Number of protein chains: 2
Amino acid sequence: MNSAFLEEAARLLGPKGLTTSAEDMAPWLTDWRGRYTGKALALASPASTAEVSALVRLCAEHGVPIVPQGGNSGMSGGATPFESGTELVLSLRRMNRILALDPAARTATCEAGVILQVLHEAAEKEGLRFPLSLGGKGSATVGGLVSTNAGGTQVLRHGSMRALVLGLEGVLADGSVLNQLTPLKKDNRGFDLKQVLIGSEGTLGIVTAATLKLEPGIAGRSVMWAGTASLHDARALLLLAGDMAGSLLEGFEVLPQHSLEAVLAYLPDARAPLAGPHEWHALIELVAGDAETAARLPEISERLLTEAFERGLVADATIAASEDQAERLWLIRETISPAERAIGPAMQHDISVPVEKMPAFVEAAVPQLEADWPGTQAVCFGHLGDGNVHFHVIAPPGSERAAWEAGDGKAISAQVHDMVTAWGGSISAEHGIGRLKRDELDRLGDPVMLATMRAIKRALDPKGLLNPGKLV
Amino acid sequence: MNSAFLEEAARLLGPKGLTTSAEDMAPWLTDWRGRYTGKALALASPASTAEVSALVRLCAEHGVPIVPQGGNSGMSGGATPFESGTELVLSLRRMNRILALDPAARTATCEAGVILQVLHEAAEKEGLRFPLSLGGKGSATVGGLVSTNAGGTQVLRHGSMRALVLGLEGVLADGSVLNQLTPLKKDNRGFDLKQVLIGSEGTLGIVTAATLKLEPGIAGRSVMWAGTASLHDARALLLLAGDMAGSLLEGFEVLPQHSLEAVLAYLPDARAPLAGPHEWHALIELVAGDAETAARLPEISERLLTEAFERGLVADATIAASEDQAERLWLIRETISPAERAIGPAMQHDISVPVEKMPAFVEAAVPQLEADWPGTQAVCFGHLGDGNVHFHVIAPPGSERAAWEAGDGKAISAQVHDMVTAWGGSISAEHGIGRLKRDELDRLGDPVMLATMRAIKRALDPKGLLNPGKLV
């Protein structure tokens, strides 16, 4: 049966479009974090939506399960096949054309395989930008970003991927093509099916193209670093920045002293932005899209920090005096993850709670965990403005990685997820569910939510061939 | 069977919660525009989500179809029962509490029956505003606005209802309660089920509460009126305003000379904003949320119009010198519909095309229709910034309303919808499908879109009891 399918698929896709070579497939069978390695029946790389459509129809006829894959830079194993070897990995990477870039309408229509960095560069050439970025931008593709509703440090101002998708084309489980690529700013013809595919991790359809929103290019930015005595003060500073800088506020990241020290130990050339230590640090970025506003940024930044001092929210602060200084402040933020990982084994959690509850949550959860698991250290850093922190729990010194991760580490993760759920939060703020958190979602998800998701999954993929075993 | 259901429902809801009196029900059995009058088994007015849940479960047991209703101010008959008399009208109007209004988080959590104007006033008391308004604001409810993804003149800046819903609670077809009321700015736990209920016109679930986004109150606004030689020039002016005023641009409405003259004839006290006639008129509004920006509005407005003159986009223009003048300019815009209606019978269409295509569409569609239907006059006005105009076709003078509407008028509507579809547009930009456009959606909708909508409908409402015969 499989050989008949493979023959037909090879005929359909041509030599560039299908491989069963172990060597060719190998890079795409292990996930980004190296957590899972699977097997595949074949790796298909169609060159067009029509080919994706025909291939999916063929899969439906032969009962072949499909694992859609973009840049293979997901954090939750959602694009990695299982170990069975019965699944087809469907790579969208060959579909990498920017089909249109309209500077007046400020939109870019991209095939699914367009790499984020390529889109950034294309927008920049027109004096525009695509206001979403993340660590894997050299690999991550538009299709993957849409399918996982990706986030990043600019969500505070511009929203996550969902807010940036104006139009979408996708192939459904029976091979039919849902074409909603032409953006209509207003369209009330029933259910917004785009929204159903966004963030569904390839379980309801395969995103083949998207029309994305662009923003004016950056005419200037102001990057500040502030030391605060508590996360409550950092939150008050965030609200103040929102009031005083309005829609110019593009980034508001926080880190504890522990993370700063980890970065300073990890990066030989890094220097502490402020003279003394502070319980918490905030990295604040204002961005202007036109020259006139850009000229006002220094004054707005000064006034913001002066007001924050006067209110006692900030103990010390600095404004980057050059792009180079601004880059160095951001480098600290971007190095936290590897720096914390260098300390030793750690369980990492990508969680959110309602924005206003975040300080209280961290103040309750961190000491609780450290008390329950002696020797561990809990560290939270990230996107305070979105109520989303990366919650790392570092193993007691000397722990053996594999044993700790499988034992105490697993129990710690369950406890973090329990606490987040009790606080009305999410066990996956940015990184999706994929394979990694499927059982936890099953355990902790609201039963009505789970039942509704499963009903939609059965309705749109009755044979269960689209990324089975992931998410739902 | 019905009597058993009615007895149980009466026991469940109490005397305030259920009526079968023809007199009590009458106001809720005819739609806002007076197009449809139906019959109902009873009118239920539950007082809580728990009562809605129990009532829907009871309906599921007895096979009683439900027509959810908010303020009964919909434009497409979506909240009016059919003539069979077998349907239960489920009014959410008694659930009219604002459950929370958090000025720091800028959110308001409202039961479904909260009237839009009440929400406006509550937000204003806190120095905030809810940035969506429309003609029926004294009747329209939060639940209805969410269920129809309502729009208005502020969509350009703030988006339609979908963009303003942060959290949602709804009762599904089996009576289960989907509670996603606590807003999480980031949450990637699978499908975003909120999005499925928003705009589904009560066919997938009954919205019982929503957490909505608030914006800073208005610190100042600048309202301008400009005469242009073409809709292309108006569109160029819109792009210029976007570049020069950025996110301050809140409204950009257009009307042809014909609509201005209709308003001047209809409103005895109205005066033309500009000295001479112009092919097209643009009404532009900038809004500032803080005093400092408000102080800059006059300068920004002057510069915008000066630049527009220099580019030859504008023949004449004026800036409202007072709130009173600003109100009078807006009154002209808001009076177009009744003024056009006073001329005689007309078919009204609420359509959108891709924003950048709107001028070319209007230039092609208007003369085509007038040529195909001698004696008619086609008039487009409205939200150019959203690619959404109200496209009215006025009957030849002396036409008898009912006969014309049922004959030529119907054929004209079909032709307008055909043209819009051919241009990649929507036959319902704002007003939804309801009962009014269901057959047209069936005729013109993309088959894949329709099949997918029906699959979701069957999955979430297998007995077909939620607002049957509407939308899908």
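**Close-ups of a predicted two-chain model**

**View 1. Strands β6 and β10 of chain B, side by side.** In this predicted model, β6 (residues 107-111) and β10 (residues 206-213) of chain B run antiparallel and are joined over 5 bridges. For a handy landmark, look for Thr107(B), which sits opposite Lys213(B) of β10(B).

**View 2. Zooming out to the open sheet of chain B.** The β6-β10 pair belongs to an open sheet of 5 strands, ordered β5-β6-β10-β8-β9 in chain B, with antiparallel pairing. At the edges you'll find β5 (98-102) and β9 (177-180) of chain B; each has a single partner strand, so one side of each has no neighbour in the sheet. On average, neighbouring strands here are turned by 10° against each other, direction ignored.

**View 3. Helix α3 of chain B over the sheet.** Helix α3 (residues 49-62) of chain B lies across β8 (165-171), β9 and β10 of that chain. Against β8(B), the helix runs at about 45°.

**View 4. Helix α13 of chain A and its buried side.** This helix (residues 358-372) has 15 residues and spans 21 Å from first C-alpha to last, close to the 21 Å expected at 1.5 Å a residue. Buried along α13(A) are Met358(A), Pro359(A), Phe361(A), Val362(A), Ala365(A), Val366(A) and Leu369(A). They cover an arc of only 150° around the axis, so they end up on the same side of α13(A). Their cover includes strands β14 (280-288) and β16 (346-352) and helix α14 (401-422) of chain A, among others.

**View 5. Chains A and B together.** Rotating by 180°, with 0.0 Å of shift along the axis, superposes chain B on chain A at an RMSD of 0.0 Å. The two copies are therefore related as by a two-fold rotation axis. As for the contact, 100% of the interface residues of chain B are also interface residues in chain A, so the copies meet through the same surface.

Terms used:
Residues are numbered from 1 along each chain as its sequence is written. Chains are lettered from A and ligands numbered from 1 in the order in which they are written. This is a predicted model: local features need pLDDT of at least 70, side-chain atom pairs count only at pLDDT 80 or more; totals for chains, interfaces and linings use all residues. Side-chain values use heavy atoms; hydrogens and water are left out. Two strands pair if DSSP finds at least two bridges between them. Helices (H or I, at least four residues) and strands (E, at least two) are DSSP runs, numbered from the N terminus. Axes are lines fitted to C-alpha atoms, for helices over the stretch in contact, and angles run from 0 to 180 degrees between N-to-C directions. Contact means heavy atoms within 4.5 Å. Copies are superposed by least squares on the C-alpha atoms of residues with pLDDT of at least 70 in both. The expected span of a helix is 1.5 Å times one less than its number of residues. Buried means under 20% relative accessible area, exposed over 50%, partly exposed in between (1.4 Å probe, protein chains only). The arc is that of the directions from the helix axis to the C-beta atoms.
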